[in-house]
Amino acid sequence: MNIHEYQGKSILKSYGVVVPNGKAAFSVEEAVAAAKELGTKVCVVKAQIHAGGRGKAGGVKVAKSIEEVKAYATEILGKTLVTHQTGPAGKVVNRLLIEEGCDIKKEYYLSFVIDRNTARVVMMGSEEGGMDIEAVADTMPEKIIKEYIDPLVGLASFQAKRMAFKMNFAPTVIGQVEKLMGALYRAFMAKDCSLAEINPLVVTNDDKVIALDAKLNFDDSALYRHPDVAELRDESEEDPKEHDAAKEGFSYVTLDGNVACMVNGAGLAMATVDIIKHYGGEPANFLDVGGDSSVEKIAKAFKIMLSDDQVKGIFVNIFGGINKCDVIAGGVVEAAKLVGLTVPVVVRLEGTNVKEGREILRKADVPEVILAESMEKGAQKIIELVAKQNAKLIG
Ligand code: ADP
Ligand code: MG
């Protein structure tokens with residue numbers, strides 16, 4: 001799960017990370033009131049969306065008067081920001097952060113993330129922080145310094161020191177940097193984060209070390225331990241399909257293609273995506289219905305899939321274990337009737353009572369539902385039907 005910058009900063013502050021004073025605002029009036037309350041000469045008006053790259057997209061503005069705060073707040077609130085992280089559709093700004101302006105000497109990068117190869121938390125830092133960090137990672141990877149953290153020891157002070165020196169901080173601020181690294185690591189661990197990123201981490205002209213941006217991602221599977229974090233969820237920032245799916249207990253992942261994949265089990269999900277790709281198709285998503293294949297569940301799954309305009313066909317690839325194939329087949333047929341299918345559905349079943357299951361599908365008078373003999377044939381069939389649909393649309 002993702003949260004907004006202002007929420008992240010508030011969490012980090014409670015762990016001792018130094019952040020600028022600031023306040024969230026949901027309207028122009030609140031923005032003006034927040035700026036007056038801050039009372040600083042320079043204020044920064046920052047769009048709050050679940051995506052970075054706001055600065056370059058015009059979502060971060062420096063205001064030198066209350067009038068300017070008002071003007072920028074009016075401009076940014078309600079605007080659709082398109083950044084390199086939002087995708088072409090962009091994201092509508094519903095919240096702002098009004099923050100005290102910082103007199104920046106230099107911008108750095110600092111983050112903690114889980115490295116799956118070493119199964120450790122890794123601290124990454126660079127003196128080339130700021131809005132072009134992606135380019136630095138691409139063209140000068142040696143400028144990104146890493147420290148792998150032993151889970152039993154935690155972030156050792158020699159590691160923080162070594163990182164701070166390699167990042168070329170001035171000796172006068174190294175102490176502050178080390179402290180901030182320790183605080184960020186404690187927050188990362190305590191809140192079960194999967195990412196904690198400060199970009200930029202700045203040194204000001206009066207030699208203060210401050211986290212100017214904050215991005216925290218949380219491990220969804222650990223959210224039950226953090227009701228305070230779960231409360232920060234902003235549903236308007238999330239894909240409504242993923243949200244509906246989560247409510248039903250489905251695992252659902254949106255992809256870019258046009259073949260929806262309904263499966264049971266994570267392994268079969270991967271294999272299904274692979275086989276669609278293998279035969280030249282593009283998966284639109286996969287939805288794991290899990291162990292429950294009741295008519296209601298399958299109908300819900302169909303509805304979620306059909307709510308995506310991209311979807312031009314559905315491949316149901318289910319292995320009947322505890323759930324028997326005849327029950328699944330009955331569920332698919334009933335759900336198809338209930339939902340009113342608008343795209344073809346190819347069904348591949350295997351497992352317990354597969355004969356009876358296939359018989360039910362063969363006999364069903366739902367023309368959109370087509371039985372496949374095997375996973376390979378099913379994948380090829382749905383790709384062929386989707387291509388036909390596309391040809392029809394173009395023709
Ligand atoms: P994003 O990463 O989405 O572009 P940031 O919060 O990193 O957004 O802001 C972009 C840039 O705006 C920063 O690199 C920094 O130069 C500037 N900036 C952000 N907050 C402040 C602030 N409080 N005072 C001064 N400059 C700021
Ligand atoms: Mg940033």
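This is a predicted model: local features need pLDDT of at least 70, side-chain atom pairs count only at pLDDT 80 or more; totals for chains, interfaces and linings use all residues.
User: Then how many bridges join E14 to E15, and do they run parallel or antiparallel?
Analyst: Strand E14 (residues 259-263) and strand E15 (residues 283-288) are joined by five bridges, and the two strands run parallel.

User: Which residue in E15 stands opposite Val-263?
Analyst: Asp-288 is opposite Val-263.

User: What's the strand order in the sheet?
Analyst: The order is E13-E15-E14-E16-E17-E18, an open sheet of six strands with mixed pairing. Strands E13 (251-254) and E18 (369-371) are at the edges. Each has a single partner strand, so one side of each has no neighbour in the sheet.

User: And the twist?
Analyst: From one strand to the next, the twist averages 20 degrees.

User: Which strands does H10 lie across?
Analyst: Helix H10 (residues 295-306) lies across E13, E14, E15, E16 (313-320) and E17 (345-351). Its direction is at about 160 degrees to E14.

User: What about H11?
Analyst: Helix H11 (residues 325-339) lies across E16, E17 and E18, at about 165 degrees to E17.

User: Switching to the metal. What are the protein donors of the magnesium ion?
Analyst: For the magnesium ion (ligand 2), they are Asn-199 (O) and Asp-213 (OD), 2.2 Å from the ion.

User: Where do those two sit in the chain?
Analyst: Asn-199 is in strand E10 (residues 193-204). Asp-213 is in the loop between strand E11 (209-211) and strand E12 (215-218). They are 14 residues apart.

User: Why does Asn-199 count as buried?
Analyst: Because its relative accessibility is 12%, and buried means under 20%. Asp-213, with a relative accessible area of 18%, is also buried.

User: How many residues surround ligand 1?
Analyst: There are 18, and the closest are Lys-46, Arg-54, Gly-55, Glu-99 and Glu-107. An N or O atom in the side chain of Arg-54 is 2.7 Å from a ligand 1 oxygen. For Glu-99, a side-chain N or O atom lies 2.8 Å from a nitrogen of the ligand.

User: Last one. Where is Ser-374?
Analyst: Ser-374 is in the loop between E18 and helix H13 (375-394). A polar atom of its side chain lies 3.1 Å from the backbone nitrogen of Lys-377.

Terms used:
Residues are numbered from 1 along each chain as its sequence is written. Chains are lettered from A and ligands numbered from 1 in the order in which they are written. Side-chain values use heavy atoms; hydrogens and water are left out. Donors are N, O and S atoms within 2.8 Å of the metal (3.2 Å for Na, K and Ca); water is not among the atoms, so sites may look incomplete. Helices (H or I, at least four residues) and strands (E, at least two) are DSSP runs, numbered from the N terminus. Buried means under 20% relative accessible area, exposed over 50%, partly exposed in between (1.4 Å probe, protein chains only). Two strands pair if DSSP finds at least two bridges between them. Axes are lines fitted to C-alpha atoms, for helices over the stretch in contact, and angles run from 0 to 180 degrees between N-to-C directions. Contact means heavy atoms within 4.5 Å. A residue is near a molecule or strand if one of its heavy atoms lies within 4 Å of it. A polar contact is a pair of N or O atoms within 3.5 Å; within protein, one must be able to donate a hydrogen and the other to accept it, and residues adjacent in sequence count only if both atoms are side-chain atoms.
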